[in-house]
Amino acid sequence: MTAVRVLVVDDEPDLRALVSDYLEMQGFAVGVAADASELDARLAEVPADVIVLDINMPGENGLAALARIRAAGCRAGVILLTAAGTLGDRLAGLTEGADDYLVKPFEPRELLARIRAVIRRLDAGGNGAAAPAPVAARPALRMGRCTFDTEARCLRGPDGAEIALTAMEYDLLDVFARHPRQTLSRQRLTQLAHGRPLAHGDRSIDIRITRLRAKIGEDARSPRTLQTVHGEGYVFDPDA
């Protein structure tokens, strides 16, 4: 069985060594990079399954590198490493397509848990939802101007071309597809889609829904497919 490949990108040599040694002991194939240019070189050699990416690096920072590799079609899970107190950076990273973030300093065991969670969401055999769905999603479901194909695990535009989704975006669409016309609170969405409670002040669900609305062609001023129910949460209307 091929080991999951994790690429650790950070300009701190001690942190790279600590994390890579720990992850190798856990059975991962680990590559390291000190900056964005080395990130590009490593990805050109061997694609990564998960990228652990520091935001604050010299030269091109992690946010810019993330936006660039996502635009180039990189589908790897991405966990951002951020400095404490940089909420704006964390939200920006989620907007650019990060799957998760971890604040420095951190325990390697917590990073391991987050990597495993991202891998579960990327696994084609399951989406990591934490609770059984009351309604089975149809193999193909219209969402806005697009089609959500649950068998192929992808979102397709009006022309049939695949629209890139992060693992967390896929999981969120999958929850909506399985709960049509049901108002779901932000807490419930987070638990169903990502298997964890919503932390106080965490607005990542709102950011992902904003991104998904843009991808399915919703009017941001008056969304009809992924609707906001003020004071309650969100609802998916398959007939909109």
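Here are some friendly notes on the structure above, point by point.

1. Ground rules. This is a predicted model, in which local features need pLDDT of at least 70 and side-chain atom pairs count only at pLDDT 80 or more, while totals for chains, interfaces and linings use all residues. Residues are numbered from 1 along each chain as its sequence is written, and side-chain values use heavy atoms, with hydrogens and water left out.

2. Strand β3. For accessibility, buried means under 20% relative accessible area, exposed over 50%, and partly exposed in between, with a 1.4 Å probe and protein chains only. Val 50, Val 52 and Asp 54 point one way from β3, and Ile 51 and Leu 53 point the other way.

3. Neighbours of β3. Two strands pair if DSSP finds at least two bridges between them. Strand β1 (residues 5-9) pairs with β3 in the parallel sense over 4 bridges, with Val 6 opposite Val 50. Strand β4 (residues 77-83) also pairs with β3 in the parallel sense, over 5 bridges, and there Ile 51 stands opposite Val 78. Between β3 and β4 the chain passes through helix α3 (residues 62-71), giving a right-handed β-α-β crossover. Right-handed is used when, with the strands pointing away from the viewer, the path from the first strand over the helix to the second runs clockwise.

4. The antiparallel sheet. Please also look at the open sheet of 4 strands, in the order β6-β7-β8-β9 with antiparallel pairing. Its edges are β6 (140-143) and β9 (162-163), each with a single partner strand, so one side of each lacks a neighbour in the sheet. Within the sheet, β7 and β8 (residues 154-156) pair over 3 bridges in the antiparallel sense, and Phe 148 stands opposite Leu 155 in β8.

5. An aromatic pair. What does a search of the whole structure find in the way of aromatic pairs? The search finds 1 aromatic pair. Phe 148 and Tyr 170 form this tilted pair, at 5.3 Å centre to centre with 50° between the planes. The rule is that rings of Phe, Tyr and Trp (its six-membered ring) pair if their centres lie within 6.5 Å, planes under 30 degrees apart counting as stacked, over 60 as edge-to-face and the rest as tilted. The pair links distant parts of the chain, with Phe 148 in strand β7 (residues 146-149) and Tyr 170 in helix α6 (residues 167-178), 22 residues apart. Phe 148 is buried at 0% relative accessibility, and Tyr 170 is buried at 6%.

6. A salt bridge here is a side-chain nitrogen of Lys or Arg within 4 Å of a carboxyl oxygen of Asp or Glu, and the count comes to 17. One of them joins Lys 104 and Asp 10 at 2.8 Å, N to O. Lys 104 is in strand β5 (residues 100-104) and Asp 10 in the loop between β1 and α1 (13-25), 94 residues apart. Both residues are buried.

7. Partly exposed salt bridges. Arg 42 and Glu 38 meet at 3.9 Å, N to O; they are 4 residues apart in helix α2 (residues 36-45), and therefore separated by about one helical turn. Arg 42 is partly exposed at 24%, as is Glu 38 at 29%. Another salt bridge has Glu 162 and Arg 75 with their closest N and O atoms 3.1 Å apart. Glu 162 lies in strand β9 and Arg 75 in the loop between α3 and β4, so this pair ties together parts 87 residues apart in sequence. Glu 162 counts as partly exposed at 42%, and Arg 75 counts as partly exposed at 44%. Salt bridges that share partners also join Asp 10, Glu 12, Asp 54 and Lys 104 into one network.

8. Cysteines. How many disulfides does a search of the whole structure find? The search finds 0 disulfides, a disulfide being a pair of cysteine sulfur atoms within 2.5 Å. For Cys 146, the nearest cysteine sulfur is that of Cys 154, 11 Å away. Cys 146 is buried at 3% relative accessibility, and Cys 154 is buried at 3%.

Note on methods. Helices (H or I, at least four residues) and strands (E, at least two) are DSSP runs, numbered from the N terminus.
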